[in-house]
Amino acid sequence: MKKTIMRATTLALIAVLLLCMLTACGRRVPAGAYEAELEVFGQSWNVTYTFKGNKVTATNKITLLGTVTTETAEGKYEIIENADGTMEISFDFGEESESFKDGTYTYEEGEGYIKIGEFKYTKVQK
């Protein structure tokens, strides 16, 4: 009886350790907010992506001659790793807006930033 309990406990511990190892090896996903700012000919353009789980909120804030226009879109995203090791991010905003379109873009993640397509977004520190 004592050996059976010890075996069951050992097997349960091994199963928990394997589960922890598999979880640790999972693909990283962005969390929190990332923003990019650009100024062209007096026009300030600020785009922020906020990631939570598999959902994303995208905000586009344009300042032109003191007038601020803001547009927000909510949707889902998925990060895909290609066979060659490159990454892509796919957005599905449902009802598309003028600024945010559904589609797949190249994706890169580094320390304190992500890169979507040609644009680099810096992690917002709060």
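A: Val-40 is partly exposed, because its relative accessible area is 40% and the partly exposed class lies between buried, under 20%, and exposed, over 50% (1.4 Å probe, protein chains only). This is a predicted model, in which local features need pLDDT of at least 70 and side-chain atom pairs count only at pLDDT 80 or more, while totals for chains, interfaces and linings use all residues. Residues are numbered from 1 along each chain as its sequence is written, and side-chain values use heavy atoms, with hydrogens and water left out.

Val-40 belongs to strand β1, which covers residues 32-40; strands (E, at least two residues) and helices (H or I, at least four residues) are DSSP runs, numbered from the N terminus. Together with Leu-38 and Phe-41, Val-40 forms a nonpolar patch on the surface, and the three have about 350 Å² of accessible area together. Such a patch is made of residues with over 30% relative accessible area and no salt bridge, with nonpolar side chains (Val, Leu, Ile, Met, Phe, Trp, Tyr) joined within 5 Å and like charges within 9 Å. A salt bridge here is a side-chain nitrogen of Lys or Arg within 4 Å of a carboxyl oxygen of Asp or Glu. Accessible areas come from the Shrake-Rupley method with a 1.4 Å probe, and for residues only the protein chains shown count as cover.

Phe-41 also has a place in the hairpin of β1 and β2, where two residues stand between the strands and Phe-41 takes a positive phi near 50°. β1 pairs with strand β2 (residues 43-52) in the antiparallel sense over nine bridges; two strands pair if DSSP finds at least two bridges between them. Within this pairing, Glu-35 stands opposite Thr-48 in β2.

β2 is in turn joined to strand β3 (residues 55-64) by 10 bridges, and these two strands run antiparallel. Thr-50 has Thr-57 in β3 as its bridge partner. In the hairpin of β2 and β3, which has two residues between the strands, Gly-53 takes a positive phi near 65°. Leu-64 lies 24 residues from Val-40 in sequence, with 9.9 Å between their C-alpha atoms.

These strands are part of a closed barrel of eight strands, β1-β2-β3-β4-β5-β6-β7-β8, with antiparallel pairing. The protein chain as a whole comes to one helix and eight strands, in the order α-β-β-β-β-β-β-β-β along the sequence. Of its 126 residues, 22% are buried.
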